[in-house]
Amino acid sequence: MAKAASVSLDTIGRFKRGEVVRERTIAAMRTALEGAGVEFIPEGPYQGDGGAGARLRNAKQSG
């Protein structure tokens with residue numbers, strides 16, 4: 001994750017602990033996760049009427 005987002009391991013640790021991380025760092029981590037196939041789901045009326053979340057993209061959508 002750190003390498004894919006071009007951030008330090010310490011930064012990843014700070015994020016995991018809920019400490020303050022710059023917005024551009026969060027954007028870089030999100031971009032890295034999306035590049036690895038993660039899809040972020042905003043809160044709203046979805047299957048089961050769940051809240052915000054994340055899931056792996058369907059392989060058929062990726063290719």
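Buried denotes a relative accessible area under 20%, exposed over 50%, and partly exposed the range in between (1.4 Å probe, protein chains only). The legends below describe a predicted model, in which local features need pLDDT of at least 70, side-chain atom pairs count only at pLDDT 80 or more, and totals for chains, interfaces and linings use all residues. Residues are numbered from 1 along each chain as its sequence is written, and side-chain values use heavy atoms, with hydrogens and water left out.

**View A. Salt bridge between Glu 19 and Arg 17.** A salt bridge is a side-chain nitrogen of Lys or Arg within 4 Å of a carboxyl oxygen of Asp or Glu. Here the N to O distance is 2.9 Å. Glu 19 counts as partly exposed because its relative accessibility is 38%. Arg 17, in contrast, is exposed, with a relative accessible area of 53%. A search of the whole structure finds four salt bridges.

**View B. Salt bridge between Asp 10 and Arg 14.** The closest N and O atoms of this pair are 2.9 Å apart. Both residues belong to helix α2, where they are four residues apart, about one turn of the helix. Helices (H or I, at least four residues) and strands (E, at least two) are DSSP runs, numbered from the N terminus. Asp 10 is partly exposed at 47% relative accessible area, and Arg 14 is likewise partly exposed, at 26%.

**View C. Salt bridge between Arg 30 and Glu 34.** The closest N and O atoms lie 3.0 Å apart. Because Arg 30 and Glu 34 are four residues apart in helix α3, about one helical turn separates them. Arg 30 is partly exposed, with a relative accessible area of 40%; Glu 34 is also partly exposed, at 30%.

View D. Thr 11 is buried, since its relative accessible area is 10%. Its side chain makes a polar contact of 2.9 Å with that of Ser 8. A polar contact is a pair of N or O atoms within 3.5 Å; within protein, one must be able to donate a hydrogen and the other to accept it, and residues adjacent in sequence count only if both atoms are side-chain atoms. Leaving aside residues up to four places away in sequence, Thr 11 touches Val 21 and Thr 25, where contact means heavy atoms within 4.5 Å.
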